Each structure stands twice: as structure tokens, then as C-alpha cells.
Amino acid sequence: MEKLAIISDIHGNMPAYEAVMKDIQHRDVTQIICLGDLVGKGPHSERIVDRVRESCEVVIMGNWDDFIGNRTDDPILLWQQARLGKERLTYLKGLPFCYEFWMSGKFVRLFHASPRSVYERIQPWDSMESRLSMFESSEMCGEPIQADVAGYGDVHNAYLQIITGKMLFNTGSVGNPLDITQASYVLLEGHYHSKQPSAFNIQHIRVPYDIELAVQHAKDEQMPDSEVYILELRSGQYRGRKTKE
């Protein structure tokens, strides 16, 4: 039996990333896979890119990784681009779209947002039709077959649903969780690259980290528009909207 750690949506948050990596080190993990959005939002995108390249055997593209290097007049993106530099931006732009493999007799497909686009957003409460579409293949993926297990990031909400006998899961976010204020990742356990049916497990892990240290990093770096980022870290809600009257 092998254990795969699936991480996603780190968003330049070093304290959260380091807490998750420390937790992973104690779990006999065989391989670490990153489902994208290494960058943006937080102040240390460049450090995260370097660390992920060292620690993750597979890295796929997120929406931030795709557009971060595009021509822009946005001062926030320009600030991020200057810190990342040309080589890292080229690396992000060249990341693959998805990763597919067999595990314990189940065909697993991992992507950032949907099997069709890094910009298509599917929430756990969306229609059954939308969620069923997550098991489909597309021209963006390799194998033209339905997935038995589909996993993704993007929405920063960790969950697992069993739909018509198939498993749909979201990793949640390492660096910008929008459900509770703890970093999130997933463990897959089974026989990696095996088509033979056998034991298979999905486990969500929540890891507390030093949120105020992450807040201080954003302030120390004088990151543009840091107020919104800080509010999300502290509240665990998108722009803190559920904490407002």
C-alpha cells in the first residue's frame, strides 16, 4: 500500500505550507502531488514555487499559475510577477493540465478545477449534473474514459461525495482555506498504478498553522491589497463576507 499526499491552492502562504509539509513527513507518504495555484494572494509565491519544485513529484496547473504571467496593468499582479521572475513564470505556464493513474483498481483523475478548464468552478452544492461532469474526460485529459475517482482544488472547500458509486473529492486549500481556518490536504492510500481491485482510502487532513505569522509576512512585504487576504486567513470565508452584518 502506498500513500499519496494531494495538496493544492498554497497561494504563497509559507507558514501554512511548512505546517502541512511537517505533517506529511510523519505519515510515511510515498509521493506528493500538487493540484496547482502555487502563487498569488499571499506574499511568498516565489518561495512556494521553489519549494514545491523540490518536494512534489507531480505538479499540475491552476488558474493563478496560468494567468499570473500574462501581460497586465494590475498592480497586484505586477508585484507578484516581479517577485517570481521570468524563469518561474515560464515554469508555471508549462505545467500539465491533469494527472491520471490507476490505484487499487480505480481510475483516478486529478485536475485543478474541472476536467475541461482551470477556470470552471464547481462547488459541492452545485447541481448533480455539474458534479457528475467531473468524472468525464475531455480533450484536455489523456485517457478517454470516465474516472472512478475525481479530485480537484480551486474552490478551497474540502469535501468528499459518493455519487452513483464514484468518488468526488476536493482537497481544500493549504494556504487560503475558505471553510475553516486550518490548512487542508488529502491522503490517498492504495496500490499505486495497480488495476487490481483492493483496499482504497481517501482521508482529509486538517492542519493548524500560525495564521498571525502569515498575516505578519504580508505586512512585512508590504503586499498590495493585503487587507482582503488577511481577512480571509482570519475568517476562513471569502472576503470575510459571512462575518459581516
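# Sheets and helix packing in a predicted model

Ala5 stands opposite Leu187 in E9. This is a predicted model, in which local features need pLDDT of at least 70 and side-chain atom pairs count only at pLDDT 80 or more, while totals for chains, interfaces and linings use all residues. Residues are numbered from 1 along each chain as its sequence is written, and side-chain values use heavy atoms, with hydrogens and water left out. Helices (H or I, at least four residues) and strands (E, at least two) are DSSP runs, numbered from the N terminus.

**First sheet.** Strand E1 (residues 2–7) pairs with strand E9 (residues 183–190) in the antiparallel sense over five bridges; two strands pair if DSSP finds at least two bridges between them. Val186 in E9 is the bridge partner of Ile6. E1 also pairs with E2, here in the parallel sense and over four bridges, and Ile7 has Cys34 in E2 as its bridge partner. These strands belong to an open sheet of five with the order E3-E2-E1-E9-E10 and mixed pairing. Its edges are strand E3 (58–59) and strand E10 (201–207); each has a single partner strand, so one side of each is left without a neighbour in the sheet. In a regular strand, side chains alternate between the two faces of the sheet.

**Helices.** H1 lies across E1, strand E2 (31–34), E9 and E10, and runs at about 25° to E9. Axes are lines fitted to C-alpha atoms, for helices over the stretch in contact, and angles run from 0 to 180 degrees between N-to-C directions. H2 packs against both H1 and H4.

| Helix pair | Angle | Axes apart |
|---|---|---|
| H1 (residues 14–25) and H2 (residues 45–55) | about 20° | 10 Å |
| H2 and H4 (residues 75–93) | about 30° | 8 Å |

H1 and H2 are therefore roughly parallel to each other, and H2 and H4 are therefore also roughly parallel to each other. Angles under 35 degrees count as roughly parallel, over 145 as roughly antiparallel, 65 to 115 as roughly perpendicular and the rest as oblique. The crossing of H1 and H2 is left-handed, that is, the near helix is turned anticlockwise from the far one by less than a right angle.

From H1, Met14, Tyr17, Glu18 and Met21 meet Arg47, Ile48, Arg51, Val52 and Ser55 of H2, where contact means heavy atoms within 4.5 Å. By class, the residues of this contact are five nonpolar, one polar and three charged. Ala, Val, Leu, Ile, Met, Phe, Trp, Tyr, Cys and Pro count as nonpolar, Asp, Glu, Lys and Arg as charged, and the others, Gly among them, as polar.

On the contact of H2 with H4, Ser45, Glu46, Val49, Asp50 and Arg53 in H2 meet Gln80, Arg83, Leu84, Glu87, Arg88, Tyr91 and Leu92 in H4. The classes here are four nonpolar, two polar and six charged.

**Salt bridges.** The whole structure has 14 salt bridges, each a side-chain nitrogen of Lys or Arg within 4 Å of a carboxyl oxygen of Asp or Glu. One of them joins the side chains of Glu18 and Arg51 (3.5 Å, N to O). Glu18 lies in helix H1 and Arg51 in helix H2, so the pair ties together parts that are 33 residues apart in sequence.

Another open sheet of five strands has the order E4-E5-E6-E8-E7, with mixed pairing. Strand E4 (98–103) and strand E7 (159–163) are at the edges with a single partner strand each, so one side of each is left without a neighbour in the sheet. The twist averages 15° from one strand to the next. Strand E5 (residues 106–111) and strand E6 (residues 149–152) pair in the parallel sense over three bridges, and Leu110 stands opposite Gly151 in E6.
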